[in-house]
Amino acid sequence: MGDGVQHDRSGQLKQIESGLLPGEQIIAVYDAIGAGTGFIGLTDRRVIIQDRSFAGKKYAITSVPYSRITSVSVVSNKSWAGSYFSTGSIAINVGTHTYEVEFRGADKSHHVHNVILQYISA
């Protein structure tokens with residue numbers, strides 16, 4: 001099923017595949033760096049985030065329908081002198097909660113940002 005799906009780690013892709021709804025298609029699964037987040041998956045229906053920030057080495061797989069996302073942001077600790085996507089981090093706002101996800105490379109943050117923006121703008 002994962003043929004042609006952009007992803008970093010096959011284990012993460014398999015984890016997303018195991019929880020798909022009937023007819024749901026995976027767009028991409030990217031590994032996240034930094035504390036708290038393990039990976040992010042994008043499907044044609046929702047964003048799936050593995051959150052490893054719970055006490056006692058627990059983690060959660062959180063599904064967020066695109067209709068619940070209020071905004072998506074590019075996150076940087078410096079001002080942009082050139083490229084809009086000069087950073088590998090994004091923030092996804094869902095109600096009062098913000099999920100911040102940092103990637104290895106700005107190309108992945110750019111892809112995730114654009115996919116989410118496409119679905120929440122429709």
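The model is predicted, so local features need pLDDT of at least 70 and side-chain atom pairs count only at pLDDT 80 or more, while totals for chains, interfaces and linings use all residues. Residues are numbered from 1 along each chain as its sequence is written, and side-chain values use heavy atoms, with hydrogens and water left out.

**Nonpolar cores**

- The largest nonpolar core has 20 residues, and those with the most contacts inside it are Ile40, Val47, Ile69, Ile90, Ile92, Val112 and Ile116; such a core is a set of buried Ala, Val, Leu, Ile, Met, Phe, Trp, Tyr and Cys residues joined through side-chain atoms within 4.5 Å.
- Buried here means under 20% relative accessible area, exposed means over 50%, and partly exposed lies in between, with a 1.4 Å probe and protein chains only.
- Among the elements that give two or more residues to this core are β3 (37–43), β7 (89–94) and α2 (106–121); helices (H or I, at least four residues) and strands (E, at least two) are DSSP runs, numbered from the N terminus.
- Apart from this core lies another one, of 8 residues, among them Val5, Ile16, Ile26 and Phe39.

**Strand β7**

- In β7, 6 of the 6 residues are buried, so the strand is largely enclosed by the rest of the structure.
- Ser89, Ala91 and Asn93 point one way from β7, whereas Ile90, Ile92 and Val94 point the other way; in a regular strand the side chains alternate between the two faces of the sheet.
- Two strands pair if DSSP finds at least two bridges between them; β7 runs antiparallel to β6, joined by 6 bridges, and pairs in the antiparallel sense with β8 over 6 bridges.
- Ala91 stands opposite Ser73, and the bridge partner of Ala91 in β8 is Glu100.
- β7 and β8 form a hairpin with 2 residues between them, and Gly95 in the turn has a positive phi of about 60°.

**Aromatic pairs**

- Rings of Phe, Tyr and Trp (its six-membered ring) pair if their centres lie within 6.5 Å, and planes under 30 degrees apart count as stacked, over 60 as edge-to-face and the rest as tilted; the count comes to 2 aromatic pairs.
- The rings of Tyr30 and Phe103 have centres 6.2 Å apart and planes at 85°, so this pair is edge-to-face.
- Tyr30 lies in strand β2 and Phe103 in the loop between β8 and α2, so the pair ties together parts that are 73 residues apart in sequence.
- Tyr66 and Tyr119 form a stacked pair, 4.4 Å centre to centre with 10° between the planes.
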